[in-house]
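Here is a short report on one protein chain. Look at the model first, then read on.

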Amino acid sequence: MFEELKFAFFKHRDAGGQMWPDSFMRHLWNGNEILGRNFGAKFGRLEAGYKADLTILDYTSPTPLVADNLPGHFAFALNASNVNSVMVEGKFSYLNREFPFDVEPIYKEAREVAARLWKDMDNLD
């Protein structure tokens, strides 16, 4: 979601819009409500009764990182390369920049599917 937030913010600004990164962070936050409605669970907090989904970032900032400027850090500095670990439903699916399973078969299939997709796209009229 890092890149989506950046794209939305900069495209909006390019079109003359006046919203700041905090507006886009609120839109991302609303995703928790959408998830809740569609999956019948609670998302978006670290407390009992909520899904235990968490992304841990490695991020050293030369400027203070406080609640008031977090959206700015998302728009101007943070990206997927900062992700260290990801927890889904209380279990790590990515830990210390490594998947806890063999990803090569997945990548192999993805390469094969991508090659077919590109071939199909080349054959479009």
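Predicted model: local features only at pLDDT ≥ 70, side-chain atom pairs only at ≥ 80, totals over all residues.

Residues are numbered from 1 along each chain as its sequence is written, and side-chain values use heavy atoms, with hydrogens and water left out.

**Confidence.** pLDDT is the predictor's confidence in each residue, from 0 to 100. Its mean over the chain is 92, and 100% of residues reach 70 or more. Confidence is lowest in H1, at a mean of 87, and highest in helix H4 (residues 104–122), at 97. Helices (H or I, at least four residues) and strands (E, at least two) are DSSP runs, numbered from the N terminus.

**Core.** A nonpolar core is a set of buried Ala, Val, Leu, Ile, Met, Phe, Trp, Tyr and Cys residues joined through side-chain atoms within 4.5 Å. Buried means under 20% relative accessible area, exposed over 50%, partly exposed in between (1.4 Å probe, protein chains only). The largest such core has 10 residues, among them Phe 2, Leu 5, Phe 9, Ala 75 and Leu 78. Helices H1 (2–14), H2 (21–39) and H3 (70–76) each give two or more residues to this core. H1 has the largest share, three residues.

Leu 78 sits in the loop between H3 and strand E2 (83–88). His 73 belongs to helix H3. Contact means heavy atoms within 4.5 Å; the table leaves aside neighbours within four places in sequence.

| Residue | Relative accessible area | Contacts |
|---|---|---|
| Leu 78 | 3% | Phe 2, Lys 6, Leu 57, Tyr 59, His 73 |
| His 73 | 6% | Tyr 59, Ser 61, Thr 63, Pro 64, Leu 65, Leu 78 |

**Pocket.** On a 1 Å grid over the protein atoms alone, a pocket is an open set of points where a 1.4 Å probe fits, with protein on both sides within 12 Å along at least five of seven lines; lining residues have an atom within 4 Å of a point. The largest pocket holds about 1000 Å³, a volume being the space filled by probe spheres set on the points, joined across faces, edges and corners. Its lining has 26 residues, and Asn 32, Asp 53, Leu 54, Thr 55 and Phe 74 are the closest to its centre. H2 gives the most to this lining, six residues.
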